[in-house]
Amino acid sequence: MSDQDEKSSDQVVITILSKTEFLKIVRRVIETYFQSQQFQADVIRQVVLAVDEACSNVIKYAYKMDGSKEIRVSLSGVSEGIKISIRDYGDKPDMDTVKPRDLNKVRPGGLGIHLIQSVMDEVTYDLSPDLGTCLMLFKRYPETGGTAP
Amino acid sequence: MSVIMEVKEQKKGLYILSVQGEVDMSSSNDVRQQLALLLNAGTAVIIVHLVRVSYMDSSGIATLVEGLQQSMKLGILFRLVELSDAVQDIFKLARLESVFSIYPTIEEAIKEV
């Protein structure tokens, strides 16, 4: 991914309030966008899950369940795949705690990071904004079937 | 409301909880509360029927793991039946398929009880 890829003619941007009941709106947008890019159904389900987990983490950790804040999700097709960014304006994550947990220890919770990293080809946290974080995710087009925009 | 639940007492002490819809951060607590009611009702067997779950996130998984762990403490059999594609996806990603007792049909889940 390069800076030249930042602007895309097929960019979709959605901003929601940080309410858990709005997560389904983000899921529908991700699902529709990836369907339009010819990804297979199982891959789409996984990407929807990864983005949903990322937004859930924003609500839980960046905004501490305050439903009055904003989450901006943007999608854009670049030459090799789909870029997704999830921008919040809350507390920055402590990167020492942003780690997938040991799956051999069966316990409730702590799965979100593992799911995101398992599904996406690239996961990058941009902590440079003065306020909040931008989580950048990237999913490559499938070797067959996907089409670059 | 993104999740609908139905509880049926198949026979004395054997409850089937059928879940329909999207189990996510906004609805998993409803499932948790329903499971808590069953866990505290003198139940012997809880069967959670998941074929009509169109989406499940990690909070849904956490709810099922809590249900399993509470059941083990209380000596209750806790079984999952007919995982939908969406549920199978997250079970595979979370490597939970061997943690739960999973059956393809309600009949098979009940047969050995």
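I count a salt bridge where a side-chain nitrogen of Lys or Arg lies within 4 Å of a carboxyl oxygen of Asp or Glu. With that rule I searched the whole structure, a predicted model, and found nine salt bridges over all chains.

**Entry: salt bridges between the chains**

I looked at the interface of chain B and chain A next. The rule finds four salt bridges across it. A:Arg27 forms a salt bridge with B:Glu22, and their closest N and O atoms are 3.2 Å apart. This pair crosses between chains, from helix 1 (residues 23-36) of chain A to strand 2 of chain B. I checked burial. A:Arg27 has a relative accessible area of 2% and is buried. B:Glu22, at 9% relative accessibility, counts as buried too.

B:Glu22 also forms a salt bridge with A:Arg28, with the closest N and O atoms 2.4 Å apart. B:Glu22 lies in strand 2 of chain B and A:Arg28 in helix 1 of chain A, so this pair joins two chains. A:Arg28 is partly exposed, with a relative accessible area of 38%.

I then looked at a pair within chain B. B:Arg32 forms a salt bridge with B:Glu66, and the closest N and O atoms are 2.7 Å apart. The two are 34 residues apart, B:Arg32 in helix 1 (residues 28-39) and B:Glu66 in helix 2 of chain B. B:Arg32 is partly exposed at 26% relative accessible area. B:Glu66 counts as partly exposed, at 26% relative accessibility. Back to shared partners: salt bridges join A:Arg27, A:Arg28, A:Glu31, A:Asp52, B:Glu22 and B:Asp24 into one network.

**Entry: the interface as a whole**

I noted that 22 residues of chain B are in contact with 28 residues of chain A. The area buried between the two chains is about 2000 Å², and carbon and sulfur atoms give 62% of it. Which residues supply 33% of the area that chain B buries against chain A? I found B:Met25, B:Tyr55 and B:Leu93, which supply more than any other three residues.

**Entry: the sheet of chain B**

I traced an open sheet of five strands in chain B, with the order 1-2-3-4-5 and mixed pairing. Strand 1 and strand 5 (101-103) stand at the edges with a single partner strand each, so one side of each has no neighbour in the sheet. Neighbouring strands are turned by 25° against each other on average, direction ignored.

Strand 1 (residues 3-11) and strand 2 (residues 14-23) of chain B pair in the antiparallel sense over eight bridges. I checked two positions. B:Glu9 has B:Tyr15 as its bridge partner in strand 2 of chain B, and B:Lys8 stands opposite B:Ile16. The hairpin has two residues between the strands, and B:Gly13 takes a positive phi near 85°.

**Entry: helix 3 of chain B**

Helix 3 (residues 85-93) of chain B lies across strand 3 (45-56), strand 4 (77-81) and strand 5 of chain B. It runs at about 100° to strand 3 of chain B. Its buried residues are B:Ala86, B:Val87, B:Asp89, B:Ile90, B:Phe91 and B:Leu93. I asked what covers them. The cover includes helix 2 (41-62) and helix 3 (112-119) of chain A, and from chain B strand 3, helix 2 (58-74), strand 4 and strand 5. B:Arg95 follows helix 3 of chain B and has a positive phi, near 55°.

**Entry: nonpolar cores**

The largest nonpolar core has 66 residues. Those with the most contacts inside it are A:Phe34, A:Ile84, A:Ile86, B:Leu50 and B:Phe91. Helix 2 of chain A gives the largest share, twelve residues. I followed A:Phe34: its contacts include A:Phe39, A:Ile44, A:Val47 and A:Leu75. Another core, of nine residues, lies apart from it; B:Val45, B:Val81, B:Tyr103 and B:Ile110 are among them.

**Entry: strands of chain A**

Strand 5 (residues 133-140) of chain A is mostly covered, with six of its eight residues buried. Strand 3 and strand 5 of chain A pair in the antiparallel sense over eight bridges. Five bridges join strand 4 (residues 122-126) of chain A to strand 5, also antiparallel. A:Leu135 is the bridge partner of A:Ile86, and A:Tyr125 stands opposite A:Leu135. Strand 4 and strand 5 of chain A form a hairpin with six residues between them, and A:Gly132 in the turn has a positive phi of about 80°.

Key: Residues are numbered from 1 along each chain as its sequence is written. Chains are lettered from A and ligands numbered from 1 in the order in which they are written. This is a predicted model: local features need pLDDT of at least 70, side-chain atom pairs count only at pLDDT 80 or more; totals for chains, interfaces and linings use all residues. Side-chain values use heavy atoms; hydrogens and water are left out. Two strands pair if DSSP finds at least two bridges between them. Helices (H or I, at least four residues) and strands (E, at least two) are DSSP runs, numbered from the N terminus. Axes are lines fitted to C-alpha atoms, for helices over the stretch in contact, and angles run from 0 to 180 degrees between N-to-C directions. Contact means heavy atoms within 4.5 Å. Buried means under 20% relative accessible area, exposed over 50%, partly exposed in between (1.4 Å probe, protein chains only). A nonpolar core is a set of buried Ala, Val, Leu, Ile, Met, Phe, Trp, Tyr and Cys residues joined through side-chain atoms within 4.5 Å. Buried area is the accessible area (1.4 Å probe) that two parts lose on being put together, summed over both. Lists of a residue's contacts leave out its neighbours within four places in sequence.
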